[in-house]
Amino acid sequence: MKIDVATVRRLLRECDFKSLFREQLGWDNYSAKLVIPQDGTTHSLAAIAEKRGFQVYTCPTIPDRPTRLKLDRQLTKSAREHLVIYVSPDRKEQLWEWVRREPDKPAASRDYRFNANQSGDLLIQKLEAIAISLDEEEKLSLPGVTTKIKSALDVEKITKRFYD
């Protein structure tokens with residue numbers, strides 16, 4: 001599905017993820033709040049979109065990597081398949097995190113950073129790959145959404161294919 005790159009870039013810079021996912025990427029409306037206590041701090045996650053059970057959350061801070069991995073383990077109890085967008089308090093930095101889960105393999109975190117001063121072309125290419133067209137909608141399932149996310153965000157697979 002083709003997306004409006006200029007609009008997507010603007011929505012990324014404005015941190016308007018609800019409009020991004022619903023209006024540009026074809027995802028469904030979803031609202032939920034999770035508060036996860038971690039090491040004496042509480043982290044608030046807000047669900048903004050979903051497609052066939054795959055959920056997208058935002059967090060108003062960018063914790064360090066070990067904390068993010070702990071949060072992911074807690075979030076997985078409520079939403080097995082998910083993507084989390086961490087946003088700095090000044091809303092200039094974003095960290096998009098998806099964790100690949102495969103049987104008999106350790107979980108592998110995939111992180112993508114976006115800075116409001118950058119073009120965001122790499123992230124926009126990845127977002128275009130997870131956009132859902134009306135033609136896909138009827139046949140789409142959770143495994144189908146997960147496959148789209150994996151093909152867009154799993155760097156290891158892309159890098160390996162490049163070197164092969």
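Q: How many of the residues of S4 are buried?
A: 6 of its 6 residues are buried, and S4 is mostly covered. Buried means under 20% relative accessible area, exposed means over 50%, and partly exposed lies in between (1.4 Å probe, protein chains only). This is a predicted model, in which local features need pLDDT of at least 70 and side-chain atom pairs count only at pLDDT 80 or more, while totals for chains, interfaces and linings use all residues. Residues are numbered from 1 along each chain as its sequence is written, and side-chain values use heavy atoms, with hydrogens and water left out.

Q: What makes both faces of S4 count as covered?
A: His 82, Val 84 and Tyr 86 are buried on one side. Leu 83, Ile 85 and Val 87 are buried on the other. In a regular strand the side chains alternate between the two faces of the sheet.

Q: How do you know that S4 pairs with S5?
A: Two strands pair if DSSP finds at least two bridges between them. Here 5 bridges join strand S4 (residues 82-87) to S5, and the two run antiparallel.

Q: Which strand pairs with S4 in the parallel sense?
A: Strand S3 (residues 54-59) does, over 5 bridges. Gln 55 stands opposite His 82 in S4. Strands and helices here are DSSP runs, numbered from the N terminus (E, at least two residues, for strands; H or I, at least four, for helices).

Q: Why are S1 and S6 said to stand at the edges?
A: The open sheet has 6 strands in the order S1-S2-S3-S4-S5-S6, with mixed pairing. S1 and strand S6 (108-115) each have a single partner strand, so one side of each is left without a neighbour in the sheet. The twist averages 20° from one strand to the next.

Q: Why is H1 called roughly antiparallel to H2?
A: Helix H1 (residues 5-14) and helix H2 (residues 17-24) pack at an angle of about 155°, with their axes 8 Å apart. Angles under 35 degrees count as roughly parallel, over 145 as roughly antiparallel, 65 to 115 as roughly perpendicular and the rest as oblique. That makes H1 roughly antiparallel to H2. The axes are lines fitted to C-alpha atoms over the stretch in contact, and angles run from 0 to 180 degrees between N-to-C directions.

Q: Which residues make the contact between H1 and H2?
A: H1 brings Thr 7, Val 8, Leu 11 and Leu 12. H2 brings Phe 17, Ser 19, Leu 20 and Gln 24. Contact means heavy atoms within 4.5 Å.

Q: What do the buried residues of H1 pack against?
A: They pack against H2, S5, S6 and H4. The buried residues are Thr 7, Val 8, Arg 9, Leu 11 and Leu 12.

Q: How do you know that the buried residues of H4 line one face?
A: In helix H4 (residues 121-130) they are Leu 123, Ile 124, Lys 126, Leu 127 and Ile 130. Seen down the axis of H4, they fall within an arc of 160°, so they line one face of the helix. The arc is that of the directions from the helix axis to the C-beta atoms. On the other side of H4, Leu 122 and Gln 125 are exposed.

Q: Why is Lys 148 called buried?
A: Its relative accessibility is 17%. The cut-off is under 20%, so Lys 148 counts as buried. Lys 148 lies in helix H6 (residues 142-153). Leaving out residues up to four places away in sequence, Lys 148 touches Ala 129, Ile 130, Ala 131, Ile 132 and Glu 136.

Q: What makes Lys 148 and Glu 136 a salt bridge?
A: A salt bridge is a side-chain nitrogen of Lys or Arg within 4 Å of a carboxyl oxygen of Asp or Glu. For Lys 148 and Glu 136, the closest N and O atoms are 3.0 Å apart, so the pair qualifies. Lys 148 lies in H6 and Glu 136 in helix H5 (residues 134-137), so the pair ties together parts that are 12 residues apart in sequence.

Q: Why is Glu 136 called partly exposed?
A: Its relative accessible area is 26%. That lies between 20% and 50%, so Glu 136 is partly exposed.
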